[in-house]
Amino acid sequence: MIKEIKINDKKILEKLSVIEEKIFPESFYSYETLKNMSLDKNYKILIFDEDIKGYLILHDSYDIYEIMKIAVKQEYRNQKIGKKLLDYYIENFDKNLFLEVRENNQIARKFYENLGFLQVGKRKNYYNNGENAILMLLEKN
């Protein structure tokens with residue numbers, strides 16, 4: 001059900017870039033960006049089934065993985081797909097996991113807290129609209 005894209009899989013990356021643009025219209029994760037990530041050993045792209053109901057993009061920052069993006073298609077939300085993607089990470093990777101989330105995104109923050117993430121900091125005025133970013137960490141070691 002969960003697959004890691006290991007190389008430039010054009011068909012999957014094209015689907016992924018369309019989904020990314022639909023969910024995040026202002027995203028800079030273009031097809032080319034995603035292709036480059038798939039070729040870079042420091043990135044992991046996990047997809048939830050071939051239809052890509054959801055996906056998780058991770059960056060290996062030497063001693064920690066950072067969630068660059070996690071998303072689930074609108075029609076598949078509330079089916080625990082995001083949780084399954086993160087559970088896959090928890091079961092298969094041994095580095096701590098870091099992320100930043102919008103301060104006012106209470107649903108996402110609660111989701112991460114329920115998985116064991118702890119707030120470890122804040123970046124003031126981080127987003128274009130002046131909103132703060134909450135820094136969260138899931139310790140694995």
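These are my notebook entries on a predicted model of one protein chain.

**Ground rules.** I number residues from 1 along each chain as its sequence is written, and I leave hydrogens and water out, so to speak, by using heavy atoms for side-chain values. Because the model is predicted, local features need pLDDT of at least 70 and side-chain atom pairs count only at pLDDT 80 or more, while totals for chains, interfaces and linings use all residues.

**Overall fold.** I looked up the secondary structure first. The chain has four helices and seven strands. Helices (H or I, at least four residues) and strands (E, at least two) are DSSP runs, numbered from the N terminus. Their order from the N terminus is β-α-α-β-β-β-α-β-α-β-β. The radius of gyration is 15 Å, close to the 14 Å of the globule rule for 141 residues, so the chain is as compact as a globular protein of that length. That radius is taken over C-alpha atoms, and the rule is 2.2 Å times the number of residues to the power 0.38. The C-alpha atoms fill a box of roughly 40 × 35 × 30 Å along the principal axes.

I find 43% of the 141 residues buried. Buried means under 20% relative accessible area, exposed over 50%, and partly exposed in between (1.4 Å probe, protein chains only). I then checked contacts (heavy atoms within 4.5 Å). Among contacts with a separation of 6 or more, 55% join residues 24 or more positions apart.

**Helix α4.** Which residues of α4 are buried? In this helix, residues 106–114, they are Ala108, Arg109 and Tyr112. They cover an arc of only 100° around the axis, which puts them on the same side of α4. The arc is that of the directions from the helix axis to the C-beta atoms. An α-helix has 3.6 residues a turn, so residues three or four places apart point the same way. On the other side of α4, Ile107 and Asn114 are exposed. The buried residues of α4 pack against β4 (64–72), α3 (81–92), β5 (96–102), β6 (118–123) and β7 (133–138). After α4 comes Gly116, with a positive phi near 105°.

**Ile67.** I ended in strand β4, where Ile67 lies. Is Ile67 buried or exposed? At 8% relative accessibility, Ile67 counts as buried. What does Ile67 touch, leaving out residues up to four places away in sequence? Its partners include Leu56, Ile57, Leu58, Leu86 and Phe117. Ile47 is 20 residues from Ile67 along the chain, and their C-alpha atoms are separated by 14 Å.
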